[in-house]
Amino acid sequence: MNSQKITNYLLYAALAIFLFGSGYRLGEMKSRKSLMSQRGSQGQSSLFDKTQKEIDFTLFWDTWDKVQEKYVDKKKVDSKKMYYGAIKGMVASVDDPYTFFLTPQENQQSKDDLGGKFEGIGAQLGLKENRIVIIAPLKNSPAEKAGTRAGDAIVKVDGQSTKGWTLPQAVSKIRGDKGTKVKITVNREGKELTFDIMRDEIKVPSVELTYERATDGQQVAHLKLNQFGENTNDEWNNAIDEIKQRWDGKQIKGMVLDLRDNPGGYLESAVYTASEFLPEGKLIVKQESTVTESKDYYSTHEGKLQTIPITVLINQGSASASEILAGALRDHKRATLIGEKSFGKGSVQEALDLGNGAGLHVTVAKWILPKGEWINGKGIEPEIVVENKVTEGNTITKDEDEQLQQAVNKL
């Protein structure tokens, strides 16, 4: 796909951007000789932007030459890094953490993330108040086993401060090959904690289906949706068919849709999954923009589970596309939201493929819930607030999961 609308984080988030895959490497680019040959036509001449403002590139090339000539450590003067760094700086000037340039290697790994190909520590990153934060450590991942949690602010990576880092910068430092280690220091409620994490291969399904027993003895389907990626719809269809069969056979009394720690992904996938619980033609989300065509997204088909009772679990790790899904079901009075306030990302990014395999994620719109709410920066408040209390140093077990227990018994 040449371009795709995504919401996140986190990528992810989904920009979310995930902390899976092996370390970022600089991709193919034009040689120094090629760059120099372009100066006459592009660099030192004056150009005009779309507002007819004259731009003189002499300063750019003068700085380029001075760094090449004067910097003390010639081994660190890399034309490839300078070239990509200049583009990254240009894009970063719009001061939007979700608009960024990707080198060819970064762009490919971005696609691998949504495709479920991961190797690393198994955590998902986001930005909160200009800090790099862990949106969620994945289940049974090295990050979770080490003790990291959703909401941890990463302050150091291998002893280096993360102050001022972008999401791609953080990913480039934390990603790495299976069998290698990375040291991460986080701030958790004012206390600094350091984790030595061994990177590994991460296999993450988009959908996980299990069954829980309520206090009245009846069974409830527990559908955990981890992300909205390339394989989500197919995995979702299989799970929904099984749930429908059990619902029609009166083997379950309802379902819990678990969106906790889901950083988002493809907007279209959020619309598709929301459609499963609604009649065809119901408004799911509005996309408003001044640079692209505004668009309303409606449920795409007659939902297979229009009558099943639903509770939806959200927390601070629920972002972007997962907020669209939760918000749409809430606005259509189709589900009760339980847990904690969601992350609060209300913008849409378009993922563009550029020349030589490079990429650009650029914010093109904001999305609005069916009743007109823009949740950017404030998140979605659950109707029933339940906070899981975790003992320091421990990972919560299913028996200790008060949010899940509340969601099951609410049905």
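**Entry 1: helices α9 and α10**

I began with a pair of helices: α9 and α10 are roughly parallel to each other, since angles under 35 degrees count as roughly parallel, over 145 as roughly antiparallel, 65 to 115 as roughly perpendicular and the rest as oblique. I was working on a predicted model, where local features need pLDDT of at least 70, side-chain atom pairs count only at pLDDT 80 or more, and totals for chains, interfaces and linings use all residues. I numbered residues from 1 along each chain as its sequence is written, and side-chain values use heavy atoms, with hydrogens and water left out.

I looked up the geometry next. α9 and helix α10 (residues 321-331) pack at an angle of about 30 degrees, and their axes are 9 Å apart. Axes here are lines fitted to C-alpha atoms, for helices over the stretch in contact, and angles run from 0 to 180 degrees between N-to-C directions. Helices (H or I, at least four residues) and strands (E, at least two) are DSSP runs, numbered from the N terminus. The crossing of α9 and α10 is right-handed. A crossing is right-handed if the near helix is turned clockwise from the far one by less than a right angle, and left-handed if anticlockwise.

Which residues meet? From α9 I listed Leu267, Ala270, Thr273 and Ala274; from α10, Ala321, Ile324, Leu325 and Leu329. Contact means heavy atoms within 4.5 Å. By class, this contact of α9 with α10 has seven nonpolar, one polar and no charged residues. Ala, Val, Leu, Ile, Met, Phe, Trp, Tyr, Cys and Pro count as nonpolar, Asp, Glu, Lys and Arg as charged, and the others, Gly among them, as polar.

I also checked how covered α9 is. Seven of the nine residues in α9 (residues 267-275) are buried, which means under 20% relative accessible area, with exposed over 50% and partly exposed in between (1.4 Å probe, protein chains only). Among the buried ones are Val271 and Ser275.

**Entry 2: helices α3 and α4**

Helix α3 (residues 58-70) packs against helix α4 (residues 79-92) at about 150 degrees, with axes 12 Å apart. That angle makes α3 roughly antiparallel to α4. α3 passes α4 in a right-handed crossing. On the α3 side I found Phe60, Trp64, Val67 and Gln68; they meet Ser79, Met82, Tyr83 and Ala86 in α4. The residues of this contact divide into six nonpolar, two polar and no charged.

**Entry 3: salt bridges**

How many salt bridges does the whole structure hold? I found 14. Each is a side-chain nitrogen of Lys or Arg within 4 Å of a carboxyl oxygen of Asp or Glu.

I looked at lysine 253 and aspartate 216, whose side chains meet at 2.7 Å, N to O. Lysine 253 is in the loop between α8 and β16 and aspartate 216 in the loop between β14 and β15, so the pair ties together parts 37 residues apart in sequence. Lysine 253 counts as buried at 15% relative accessibility. Aspartate 216, at 43%, counts as partly exposed.

Aspartate 401 bridges to arginine 260, with the closest N and O atoms 2.9 Å apart. This pair ties together parts that are 141 residues apart in sequence. Both residues, aspartate 401 and arginine 260, are buried.

My last pair was glutamate 373 and lysine 378, at 3.9 Å, N to O. Shared partners join Arg330, Asp331, Glu373 and Lys378 into one network of salt bridges.
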